[in-house]
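Open the model in your viewer and keep the sequence panel beside it. We will go stop by stop.

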Amino acid sequence: GLLAAVLYPHIAYVNAPSSGNGASAPDQVRLHIREHHAESTAPKVAHVHPSSVNNKVGGRDWLSPYVAFHECFKTTKLYVRDCSPVPPLALLLFAGEDIDEDGDGLFVVDDWLQINVPHHTSHFVSEVRTRINALLYRTVVRAVNGGVNGDVNILGVDGESELCVAVVALLQVHVE
């Protein structure tokens, strides 16, 4: 989850189309990225750089349909290097400014990353994200103000430790 929060918006969607014999070969894997400095908001296709340890990962072997990456650059192609899988729920909880939900469990992060969660958990995901944002806000305010009685401990007030337990449990749920 931390990678999603720290490296956002350096997130890519892993597109690994099936080949005739099942899973796609590593050279067929494409990463859909959205360049945050570009004028267009349309995702662009990038490739995993040959020097990346993930360059040899085939379609079925990616641990998540999303990766966080450190570097994107163009030589002969648009390349991503230093990428690592991030859980979809980590993106929902920690990344992006604008999260929309359609009522059936489809979330859209910043108008492009689409993440499905089971319908019965969608309200819970939204509520946890709201509480995380409030916790982060309170933490920053406490730190700026020197903490509560000089203590910058963020847990144990208003159910915050329970929130952390809920986040850990939620991150263990499998979503697509």
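**The whole chain**

Start with everything shown as a cartoon. The protein has four helices and eight strands. Keep in mind that this is a predicted model.

Of the 176 residues in the protein, 36% are buried. Consider contacts between residues with a separation of 6 or more: 52% of them link residues 24 or more positions apart.

**Stop 1: the barrel**

Hide the surface. Select strands β1, β2, β3, β4 and β5. Which order do the five strands follow around the closed barrel? The order is β1-β2-β3-β5-β4, and the pairing is mixed. On average, neighbouring strands of this sheet are turned by 50° against each other, direction ignored.

Next, walk from strand to strand.

- Select β1, residues 11-15, and β2, residues 30-33. Four bridges join these antiparallel strands. Show Val-14 and find Leu-31 opposite it in β2. Then show Asn-15, whose bridge partner in β2 is Arg-30.
- Move to β3, residues 44-48, and β5, residues 78-85. These strands run parallel and are joined by two bridges. Val-48 stands opposite Val-80 in β5.
- Seven bridges join β4 to β5, and the two run antiparallel. Val-67 has Pro-85 in β5 as its bridge partner. Look at the turn too: β4 and β5 form a hairpin with three residues between them.
- Go back to β1 and compare it with β4. Three bridges pair the two in the antiparallel sense. Ile-11 has Ala-68 in β4 as its bridge partner.

**Stop 2: an aromatic pair**

How many aromatic pairs does a search of the whole structure find? The search finds two. One of them is Phe-73 with Tyr-79: the ring centres are 6.1 Å apart and the planes meet at 35°, so the pair is tilted. Stay on Tyr-79 for a moment. Its relative accessibility is 9%, so Tyr-79 counts as buried.

**Stop 3: a cis peptide bond**

Jump back towards the start of the chain. Select Tyr-8 and Pro-9. Is the peptide bond between Tyr-8 and Pro-9 cis or trans? The bond is cis, with omega near 15°. Most peptide bonds are trans. Pro-9 sits in the loop between α1 (2-7) and β1.

**Stop 4**

Select residues 88-94. This is helix α2, and Leu-89 has its place there. Is Leu-89 buried or exposed? Leu-89 counts as buried because its relative accessibility is 3%. Along the chain, Leu-89 and Leu-171 are 82 residues apart, yet their C-alpha atoms are separated by 6.0 Å.

**Stop 5: two aspartates in a loop**

Select β7 (106-109) and β8 (113-116), then look at the loop between them. Asp-110 is found in this loop. Asp-111 lies in the loop between β7 and β8 as well.

Check the backbone angles. Phi of Asp-110 is positive, near 50°. Phi of Asp-111 is positive too, about 65°. Most residues other than glycine have a negative phi.

Now compare their surroundings. Asp-110 counts as buried, because its relative accessibility is 17% and the cut-off for buried is under 20%. Asp-111 has a relative accessible area of 57%, so it is exposed.

**Stop 6: helix α3**

Finish on residues 122-144. This is helix α3, which has 23 residues.

Which residues in α3 are buried? Colour these: Ser-122, Val-125, Val-128, Arg-129, Ile-132, Leu-135 and Arg-142.

Then step past the end of the helix. Gly-146 follows α3, and its phi is positive, near 85°.

Key:
Residues are numbered from 1 along each chain as its sequence is written. This is a predicted model: local features need pLDDT of at least 70, side-chain atom pairs count only at pLDDT 80 or more; totals for chains, interfaces and linings use all residues. Side-chain values use heavy atoms; hydrogens and water are left out. Two strands pair if DSSP finds at least two bridges between them. Buried means under 20% relative accessible area, exposed over 50%, partly exposed in between (1.4 Å probe, protein chains only). Contact means heavy atoms within 4.5 Å. Rings of Phe, Tyr and Trp (its six-membered ring) pair if their centres lie within 6.5 Å; planes under 30 degrees apart count as stacked, over 60 as edge-to-face and the rest as tilted. Axes are lines fitted to C-alpha atoms, for helices over the stretch in contact, and angles run from 0 to 180 degrees between N-to-C directions. The expected span of a helix is 1.5 Å times one less than its number of residues.
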